[in-house]
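Subject: Structure for you to look over

Hello,

Here is the structure I said I would pass on. My notes follow below it.

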Amino acid sequence: MIYGLGMRLFRNEEDALDFSQEVYLRAYDRLGSFRGDSKISTWLYSLALNLGLNRLRRGKRLEFVSEGSADFPSIEALEGADESTDPLASLTRSETELAVRDEVEKLPDVYRIPLILFYFEHLPYGEIAEKLGLKEGTLKSYLHRARLLLRKKLTERGLQAE
């Protein structure tokens, strides 16, 4: 779970491994502050997310996971679509997925970070807004603009964005 988050945030394996190690060391140091109000995995994930966002704020660039990563959800999984057995449809989905990944990587951080936290980390608006120090309305605006930018870029590539 922690390594997967590191891959989504930092893209390369070495940074993700360093990040994971730092999270576990920090968790060990702060284990006494765990109150037991939630599951330890929830506490650990929250610690990791905060640490990752702080790293990004200090200048690390947020990037998407690599194409071959098993942790990266497919468009089909995000949309809840049924698995198609049609090879042409499968190829079209794969090409669209690659195009979306490419365009998301190019988004400014102000749009890319909320987009990843919402769609790939499945965090609720309130939690994302709190983590990023934004008002919930501002966050929703950023997500809307990110979707508009993606739709425009995908259309320019000749893909029909829905």
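**Salt bridges**

Arg-112 is buried, at 1% relative accessible area (buried is under 20%, exposed over 50%, partly exposed in between, with a 1.4 Å probe and protein chains only). The model is a predicted one, in which local features need pLDDT of at least 70 and side-chain atom pairs count only at pLDDT 80 or more, while totals for chains, interfaces and linings use all residues. Residues are numbered from 1 along each chain as its sequence is written, and side-chain values use heavy atoms, with hydrogens and water left out.

Arg-112 has a salt bridge to Asp-109, with 2.1 Å between the closest N and O atoms. A salt bridge here is a side-chain nitrogen of Lys or Arg within 4 Å of a carboxyl oxygen of Asp or Glu. Asp-109 is partly exposed, at 33% relative accessibility. The two residues sit 3 apart in helix α6 (residues 109-119), so about one helical turn separates Arg-112 from Asp-109. Helices (H or I, at least four residues) are DSSP runs numbered from the N terminus, as are strands (E, at least two).

By this rule the count is 8 salt bridges. Two further ones are these:

- Glu-103 and Lys-106 pair at 3.9 Å, N to O. They are 3 residues apart in helix α5 (residues 87-106), about one helical turn. Glu-103 is buried at 7% relative accessible area, whereas Lys-106 is exposed at 54%.
- Glu-136 and Lys-140 pair with their closest N and O atoms 3.7 Å apart. They are 4 residues apart in helix α8 (residues 136-156), again about one helical turn. Both are partly exposed: Glu-136 at 37% relative accessibility and Lys-140 at 38% relative accessible area.

Two packed helices are described by the angle between their axes and the distance between the axes. Axes are lines fitted to C-alpha atoms, for helices over the stretch in contact, and angles run from 0 to 180 degrees between N-to-C directions. Angles under 35 degrees count as roughly parallel, over 145 as roughly antiparallel, 65 to 115 as roughly perpendicular and the rest as oblique.

Helix α1 (residues 2-10) packs on helix α3 (residues 40-57) at about 20°, with the axes 10 Å apart. The pair is therefore roughly parallel. On the α1 side the contact (heavy atoms within 4.5 Å) is made by Ile-2, Leu-5, Leu-9 and Phe-10, and on the α3 side by Leu-44, Tyr-45, Ala-48, Leu-49, Gly-52, Arg-55 and Leu-56. By class, the residues of the α1 and α3 contact are 9 nonpolar, 1 polar and 1 charged. For these classes, Ala, Val, Leu, Ile, Met, Phe, Trp, Tyr, Cys and Pro count as nonpolar, Asp, Glu, Lys and Arg as charged, and the others, Gly among them, as polar.

Helix α2 (residues 13-29) and α3 cross at roughly 125°, and their axes come within 10 Å. That makes α2 oblique to α3. From α2 the contact involves Asp-15, Asp-18, Phe-19, Glu-22, Val-23, Tyr-24, Arg-26 and Ala-27; from α3, Trp-43, Leu-44, Leu-47, Ala-48, Leu-51, Gly-52 and Arg-55. The classes in the α2 and α3 contact are 9 nonpolar, 1 polar and 5 charged.

Between α1 and α2 the angle is about 135° and the axes are 8 Å apart, and the two are therefore oblique to each other. Ile-2, Tyr-3, Leu-5, Gly-6, Met-7 and Phe-10 of α1 meet Glu-13, Asp-15, Ala-16, Leu-17, Phe-19, Ser-20, Val-23 and Tyr-24 of α2. That contact of α1 with α2 holds 10 nonpolar, 2 polar and 2 charged residues.

**Two buried residues**

Ser-20, in helix α2, is buried at 8% relative accessible area. Leaving out residues up to four places away in sequence, Ser-20 touches Ile-2 and Tyr-3. Ser-20 and Gly-6 are 14 residues apart in sequence, with 6.8 Å from C-alpha to C-alpha.

Glu-121 is in the loop between α6 and α7 (125-132) and is buried at 10% relative accessibility. Apart from neighbours within four places in sequence, Glu-121 is in contact with Leu-5, Arg-8, Tyr-45 and Ile-116.

Regards
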